[in-house]
Amino acid sequence: MEEKILSEKRYHTIVVGGGIAGLTSAVYLARSGQRVLLIEKNKEFGGLVNSFKRDGFQFEAGVRALEDAGIIFPMLKDLGIKLDFIKSHVSVGIAHEIVNIETIDDLLKYKELLVKFFPESESEIDELVKVIRKIMKHMEVLYGIENPAFKDLKTDRNYLFKKLLPWLPKFIFTVGKINRMNMPVEDYLKTIIKNQALRDMISQHFFKNTPTFFALSYFSLYLDYFYPKGGVGKLAEAIKDKVLEYGGELRSETMIMEVLTDKKIVKDHHNNSFQYDHLIWAADLKTLYKIAKTEGLAPKIKAKFEDTKGVMLKNRGTDSVFSLYLQVDEPLDTFRKIAHGHFFYTPSKSGLGETHRGELDELLRNFETVTKEQILTWLDKFTRLNTYEISIPGLKDPDLVPPGKTGMIISLLAEYDLFKEIKKSGWLSEFVCELENQIIDVISGSIYPMLKEKVIARFSFTPLSIENRVGSSEGAIVGWSFEKKMPVVNKMQFSARSVLTPIPSIYQAGQWVFSPTGVPMSVLTGKLAADKILKKTKK
Ligand SMILES: Cc1cc2nc3c(=O)[nH]c(=O)nc-3n(C[C@H](O)[C@H](O)[C@H](O)COP(=O)(O)OP(=O)(O)OC[C@H]3O[C@@H](n4cnc5c(N)ncnc54)[C@H](O)[C@@H]3O)c2cc1C
């Protein structure tokens with residue numbers, strides 16, 4: 001196909017990936033007067049921060065609610081974006097016991113919940129709660145001030161002298177403590193809790209080998225969740241509108257297939273070329289390393305790029321997620337009486353044990369010889385013993401469902417390789433249907449007994465759908481797996497370095513460039529990448 005340079009225009013910066021990280025980079029560069037082009041492969045922007053409507057029911061395609069972390073609100077304030085927010089309260093439940101988490105004091109209710117099921121482990125649960133409390137104090141320091149990346153330190157002297165400078169020593173002290181709590185949470189819990197089922201109740205809804213600090217900070221995160229009126233996607237929409245308002249250009253349904261690093265050109269799936277001075281890659285990082293052509297680069301830079309590529313390509317994304325979407329012919333009130341609209345629910349106190357680890361690994365290792373029945377037997381256990389994240393958008397904003405009805409997203413962490421192998425064997429639709437049936441059975445047989453008879457319509461997204469939609473390796477939803485050595489920056493104090501690549505004109509942002517991550521860190525790295533370019537171009 002003949003190559004076309006689509007525009008004579010050379011962009012100061014091209015941002016590839018219109019998720020929340022790319023949107024953040026684009027809006028700040030556009031605000032500074034740069035010629036910016038944001039390129040997104042999908043029709044809609046937002047990536048994993050996205051809401052969509054089906055038959056009058058609104059759902060989230062990715063993250064179910066947002067956390068501020070001292071990042072989101074300061075960014076919105078800085079950009080002059082006004083959105084209506086609703087507090088998104090969380091409930092936690094085991095079997096028929098549910099605890100609504102609304103204030104810090106509800107940690108005590110959480111403790112009582114665990115003690116009810118594991119009375120013999122009361123003193124160990126006490127120990128756990130002490131650790132969670134300590135971590136909550138660290139979180140207060142960490143997220144307790146508006147992130148300096150979103151403040152103008154030259155003009156806001158009050159912030160600089162009264163908030164930032166007094167905060168810095170506390171931050172350094174806290175970061176030291178946090179870095180010492182990096183061991184996998186499962187291993188850490190073994191040091192304080194003997195009962196495996198209890199350890200599972202606490203940790204099985206985290207990604208495998210999640211660092212202890214990140215996992216046990218969940219209680220703080222539960223208190224921090226908020227929901228934009230109209231759905232999570234409103235956040236992405238508002239930033240996108242600002243990009244346009246500041247004169248940035250957006251190009252959707254454009255997939256970048258090649259980066260010619262020496263010529264500073266990106267090429268899309270129609271072989272159109274776009275020229276840049278700087279590139280911010282805010283999409284899957286393995287993709288960048290696979291598609292970047294390094295001929296013509298200085299040998300030292302090329303060698304460094306190849307080294308980094310080797311490390312990146314050996315690594316994998318985190319566990320992915322399976323999400324079942326239900327349209328239910330039952331009013332919101334029925335569900336409101338049971339739990340909040342963001343609900344972490346474990347139907348059985350037995351715990352997953354080795355189901356999602358050793359047993360699954362064994363199935364995958366011997367996939368050629370494993371029968372369908374063996375997989376379905378495993379699936380039965382997996383769905384009965386798991387922890388579900390249940391989101392009911394209408395309980396946060398009743399305008400998101402038709403009157404008298406409820407939309408529901410029930411999800412659990414899921415292994416990408418399992419879905420891939422089953423697809424290869426040709427029975428993915430059957431497997432997905434079975435998984436949907438089992439989830440509905442488990443949830444109807446426990447917490448929402450009315451559910452099964454009231455489902456009007458259902459559909460689901462597998463790890464393969466996530467990979468397909470946002471191009472995320474292994475369908476990962478928060479970047480790199482915690483099971484291997486992290487190939488990117490994972491220490492808060494070095495976050496500014498996370499956006500650098502071996503090629504000086506290319507920066508990186510988003511969930512793949514720092515660990516652990518999520519929406520706030522994706523936003524922060526988006527801003528940091530933009531800042532680096534602005535600083536460089538001012539020189
Ligand atoms: C079910 C679920 C629950 C979650 N829960 C939480 C939570 O509670 N808290 C939290 O903080 N985070 C959570 N997350 C994670 C969070 O949503 C993501 O980490 C974050 O949104 C990532 O943003 P991003 O911009 O880095 O990447 P993405 O959202 O993946 O955006 C990348 C964009 O790049 C585009 N793209 C990819 N390849 C190309 C290409 N070649 N050319 C052009 N465009 C391309 C994609 O289409 C996509 O729009 C959750 C995610 C999911 C799915």
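Reader: Let's start with the sheet. In what order do its 3 strands stand?

Author: The general idea is that strands of a sheet pair through backbone hydrogen bonds, either parallel or antiparallel. Here the order is β5-β9-β6, an open sheet with antiparallel pairing. Strands are DSSP runs of E, at least two residues long, and helices are runs of H or I, at least four, both numbered from the N terminus. Two strands count as paired if DSSP finds at least two bridges between them. β5 (66-67) and β6 (85-87) each have a single partner strand and stand at the edges, so one side of each lacks a neighbour in the sheet.

Reader: Over how many bridges do β5 and β9 pair?

Author: Over 2, with β9 covering residues 225-228. L66 has F226 as its bridge partner in β9. Mind that this is a predicted model: local features need pLDDT of at least 70, side-chain atom pairs count only at pLDDT 80 or more, and totals for chains, interfaces and linings use all residues. Residue numbers run from 1 along each chain as its sequence is written.

Reader: OK, domains next. Which bounds does the assignment give?

Author: Domain bounds come from an automatic or database assignment. For this chain the assignment gives domain 1 (4-84 + 230-316 + 481-538), domain 2 (95-226) and domain 3 (319-473). The centres of domain 1 and domain 2, taken over C-alpha atoms, are 29 Å apart.

Reader: How many residues of domain 1 are in contact with domain 2?

Author: Contact means C-beta atoms, placed from the backbone, within 7 Å. By that rule, 20 residues of domain 1 touch 22 residues of domain 2. On the domain 1 side, β5, α2 (72-79) and α21 give two or more residues each. α21 gives the most, with 4 residues.

Reader: And what about the ligand? Which residues come nearest?

Author: A residue is near a molecule if its C-beta atom, placed from the backbone, lies within 6 Å of it. Of the 38 residues around the ligand, G17, G19, G47, G510 and G518 come nearest. α1 (20-31) and α21 (519-538) are the elements that give two or more residues to this shell.

Reader: Why does the ligand lie between domain 1 and domain 3?

Author: Because domain 1 and domain 3 both give residues to the shell around the ligand.

Reader: Last one: what is I14 in contact with?

Author: Leaving aside neighbours within four places in sequence, I14 is in contact with L37, I39, V266, F274, Y276 and L279.

Technical notes
Contact = placed C-beta atoms within 7 Å.
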